[in-house]
Structures are given as structure tokens and as C-alpha cells.
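Welcome! Have a look at the model first, and then read on.

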Amino acid sequence: MGLRGRLGNAAGAFVSNARNPELRRAQLSFLGAWTAEWAFTVGLGIVAYRDGGATAVGLVGLLRMVPSALLAPLLSPLADKGRREHVLVVVSVLRAVATGAAALVVGVGGPSPIVYALAVLSTIAATLYRPAHSALLPSLCHSGYELASANVVRGLLDAAATLVGPLLAALLLGLSDVTVVFAVAAGASLWAAVLLLRLDYDAPPRPPAAQQANLVRSAAEGIRVVSSNRHLALIMGLAAAQSFTRGALTVLTVVVSIELLATGESGVGVLTAAIGAGAVVGALGASLLISTRRLGAWFALGVALWGAPVTLIGVVPHQVTALLMLAGVGVGNSLIDLAGFTLLARLAADEVLGRVFGVLESLVALSIGVGALAASLVVEEAGVRPALIGIGLLCPLLAVVSWRRLRRMDQAIGVRDDDIALLHTVPMLSVLPLPAIEQLARGLEPVDVPAGTFVFRQGDVGNHYFVIESGKAEVLGDDRLVTTLGAGQGFGEVALLRRVHRSASVRATTDLRLRALPSDRFLPVVLGYAPSEREAGVAVDTMLNRFRPLEEPDPPRQ
């Protein structure tokens, strides 16, 4: 694809998100939530540094993340039960309350441990926000391209939040104090909740919210899914390494600004904002990669960029270098947002997607906490520059080791994209959201039928739905030609949807390459969504209007 085509795809990504009111609300909610998170993180780092220097910043970072790491898998099953946007609303309100209370405590000069406790509560809620939001996005999309577009846009908004949140904190710290930073963060969280109150989309059928006794079993299922899928496990492992570096940077940016570069407390916000600036540029660049089938390769590059620039800051410790290198980290973050979240959503089934993202969030939270503590210990023992060099080498080395496996993952998803493209040619299937049509693609079975051979005969029991990949076929009713079928057309739905014997015969007029779906995979998906059920009814009525059998066959015995 040429540059013009890539630019067109990039523009289409942003236009499709802007025109889809449900995606638009979901994305703006994410912007509010993550602007609040980054502003709060900068303010909390200042409070901790005033209390005890770099060690206190690291300990507070670990304190925030350990409870979240433990609770994220237990709470994430809630995102797989009922409506996911309801979870997001509750989480955003809880974050607003906790952050607002922290502003009040700081404002009246209350004890710092209360602020840290409220930060833990806010972070626990935050760790549930991203899994639920990540699991929601596929249900608002209809194709892998659209999901990649949504993740690119969310990556851009994440980058904007990484830029705006710290800069806003830096501005407010220059004009006022931490109290105002926390208050503004609380308002942004509340705005994130309000945006989701009117979200309206065709959600798949899900059971009601899990009872407390079932949460542990549901969480264990998410862990089992990840551990049994080597592709998911690889993405999770690399995400943990990237998060370790991210946690280390929450300490290193404070220490580098105050001790190494002597730019003061407001310089912490400026350094953190450099990551956001790079992420904005990276997100715009990532929009050119939406149609690529090399997401695994770009994910590897994103992971590498989370570490290599950190090492270079340790080698060349100057302010301009630090700003440019941290911008490079932001570019890597945008690549991870595009590739990592898209890959996870494509690799896991919708019914466990919230739990899979919950496992990710748990690993991320724990890795951030461990990274923050490790960085503070290394700084205390070896100094700032050795800490930057050593910690920065981790991600590039792991990216190199994982390169081949990520490329094989790309090839497997490319094959499934071809299957999804074939299913999209069928009207009753083209209206399905991505998780549903991906579920169908996983169940496709190849069938080859030589020319002149019957796929099935009138009166046979129906147990499969078929889509023609290549070749031609004719539909015969009572030995009369009803219609002809070609590539991209489906047949066999009448018997499955009406629960009757085959109402006509289908015979290959050329060598026929089919993709077959068993009825137990076809029916739950097609009948589980109102739009596809309506289209299926139209397809059945159209076929029966073309041909009415002379005698209605008896329904199959159950």
C-alpha cells in the first residue's frame, strides 16, 4: 500500500471514531479518566518526595500497585457480566470520590498516610477501568480494521492525556499547590462517568453480574485462559517488562528532574509531559499502520522503545537529551497501544475478554509497583545514571528474543482476517460486531466439493451453514433450478433457523471450496444479536419465496 493509501486509512480511522457516537463517548471517557490519572500521579509523586525523597516515591508507587495487582483479576469478571459501560461509570465515580477526598486532606494539612490510602483506593478503581474499556471497544466495532482504528484513536487520547495531565499538573503546581491538582483530577474522573451514561449499542447476551462467591472462580478462568495460550502469555510477559520500566520512570523522572538536571518540582511534570508529546506524535504515526498485518513486529518495536531511550539518558544526562529520549518512550507507548491491545482483543474470546484484560492490568499494576521500588533502591545504592542504563536495557533485550514468535502470531491472525473478510460478504453476518464474527471465524471448517457433486440433498438433516470461498453452485428444488451461487455467498441457513430438513439441494457446478460452520456455532451467534437475526430472517424469506417445496418435510427428530 502506498503512502496515499495509508494516509487515507489513517484519516478514515479518526473519521470513523468521530462519526460513531458510541465510540466517541467511550473514547472521550477514556481521555477524561487518563488525564485524571496522570495529573494525580504527578501530584502524588510530589507529596511522597516531600515526605521522604526517592525512596518514599518508590514505596508509595509500590503501595498503590500491589493491592490493585491482587484485586484486578478478582474484580475484572464483573466486566464479563452484564453491561461493561456500567462498570466504567461506577469505577469513574469511585475514582472521583477518592481523588476529591485526597484533595481535601492535602488542603487541610492532613496526614500523608491518608492521602496514600486514598491513592490506593483510586488506583484499585483505575485498574478495573482499562480492562472494562478494552473489553468494551470490540463490541462497538465490526472488523479488525475498525478495532485497530479504535485502539489507535485511544492511543492518541492516551498520549494526549499523558501530555495534558502532567502539563496541567505542572501549571497548577506553579500557580497553586497539590490540592488543586487533585481537585481537577477528581473533576476529570467525574466527567468520564457522565459521558458513558447515554452509551447505546447492541451488546451480546451475557449473564447478570457475578455473585461474590463466583468471582474467585471467574478470575481463575481468566488466568487459565492466559496461561494456556502461548500467544497471550507472550504479550502479557512483554507488557509486564514494559510496565516495570514505566514504574521505574515514575521514580526516575522525579530524581532526574530534581537531582540530575536541577529543574525543580515543576520539571517533573515537564519530563513526564515529554512522554506524552512523543506519544501524540507516535499515535499519529501509528494511524498509518492500521491496515498492516505486522502488529506483532510493531509491538516488539514499541517494547524496545520503552527501554533504549532510558539507557541513553543515563549515557548523555542533559535536559534536551532527556526530553527527546522520553519523547521516544512516548512513541513506543503508542505502538504498544495499537498493537498490544488489538492483539489481545483478537486472541481472546469475548466472553472472557474482561478477565484477560484484568490479568493484564494485574500484571501491569504489580510490575509498575515493583519497577518503582527497584528503581528507588538502585538509585540509592548505585546512583541515578547506573539505574537509568541498567533498567533501560531490559525491554530491548526481551523484544529481540521475542521477535520470531511475534511474527508467527502475525501470520496466524492474517489467516483469520481472510476468513472474517469472507464472512463479511454475507449480509446477515456483516452486521455482527467483531467479537461475534471472530467467534464464527474460529469455528470455520474447510470443505472441498468436486464439480457435479451435491453438497447436500433436499430432505437431508441440516447441521452446517456454508459460505463459498471459490467456485460456483446451483440450488435445486424438486429438481428445478432455483438460483445459482458464487464466491462470497452463503447457503444452508433455512434448515438451521427453521429447524427443518433441507428444503432444497445444492450441487457444485465447478470445483467448490467452502467454509462450513456447525450449527452449534452458527445459531448462538446469529440469533444472539438483533441485527443479524433480522437479516437472517430476510435471507430465509427470500430463499423460500424463490422456491416453495411441494411438500413440507417433517422436522428432524431431537
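**A patch of positive charge**

The largest share of the positive patch comes from helix 15 (residues 394–423), which supplies three residues. Please keep in mind that this is a predicted model.

- Four arginines, Arg230, Arg404, Arg405 and Arg408, gather on the surface as a patch of positive charge.
- One of them, Arg404, has its place in helix 15.
- Is Arg404 buried or exposed? With a relative accessible area of 68%, Arg404 is exposed, because the cut-off for exposed is over 50%.

- In what order do the four strands of the open sheet stand? The order is 1-8-3-6, and the pairing is antiparallel.
- Strands 1 and 6 stand at the edges with a single partner strand each, so one side of each has no neighbour in the sheet.
- Strand 8 (residues 512–518) is mostly covered, as six of its seven residues are buried.
- Strand 1 (residues 445–449) runs antiparallel to strand 8, and five bridges join the two. On this side, Pro446 has Arg515 of strand 8 as its bridge partner.
- Strand 3 (residues 464–470) also pairs with strand 8 in the antiparallel sense, over six bridges.
- His464 has Pro518 in strand 8 as its bridge partner, Tyr465 stands opposite Leu517, and Ile468 stands opposite Leu514.
- Strand 3 is joined to strand 6 (residues 490–491) as well, by two bridges, and these strands run antiparallel. Here Val467 has Gly490 in strand 6 as its bridge partner.
- As a general point to keep in mind while viewing, side chains in a regular strand alternate between the two faces of the sheet.

**Salt bridges**

- How many salt bridges does the structure hold? There are ten salt bridges in the structure.
- In general, side chains of opposite charge can pair when their charged atoms come close.
- One of these salt bridges is formed by the side chains of Glu37 and Arg95, at 2.9 Å from N to O. Glu37 belongs to helix 2 (residues 21–75) and Arg95 to helix 3 (residues 84–107), so this pair ties together parts that are 58 residues apart in sequence.
- Both partners are covered: Glu37 is buried with a relative accessible area of 7%, and Arg95 is buried with a relative accessible area of 2%.

- Which residues are linked in a network of salt bridges? The network links Arg346, Arg416, Asp417 and Glu438.
- Within it, the side chains of Arg346 and Asp417 meet at 2.6 Å, N to O.

- Gly528 has its place in helix 19 (residues 519–528).
- At 22% relative accessibility, Gly528 counts as partly exposed.
- How far apart are Gly528 and Leu432 in space, C-alpha to C-alpha? They are 9.8 Å apart, while in sequence 96 residues separate them.

Conventions: Residues numbered from 1 in each chain as written. Predicted model: local features only at pLDDT ≥ 70, side-chain atom pairs only at ≥ 80, totals over all residues. Heavy atoms only, no water. Patch = residues over 30% accessible without salt bridge, like charges linked within 9 Å, V, L, I, M, F, W, Y side chains within 5 Å. Areas by Shrake-Rupley, 256 points an atom, 1.4 Å probe, with all protein chains shown as cover. Lys, Arg positive; Asp, Glu negative; His and termini not counted. Charge placed at Lys NZ, Arg CZ, Asp CG, Glu CD. Buried < 20%, exposed > 50% of the residue type's maximum accessible area, 1.4 Å probe, protein only. Pairing = 2+ DSSP bridges.
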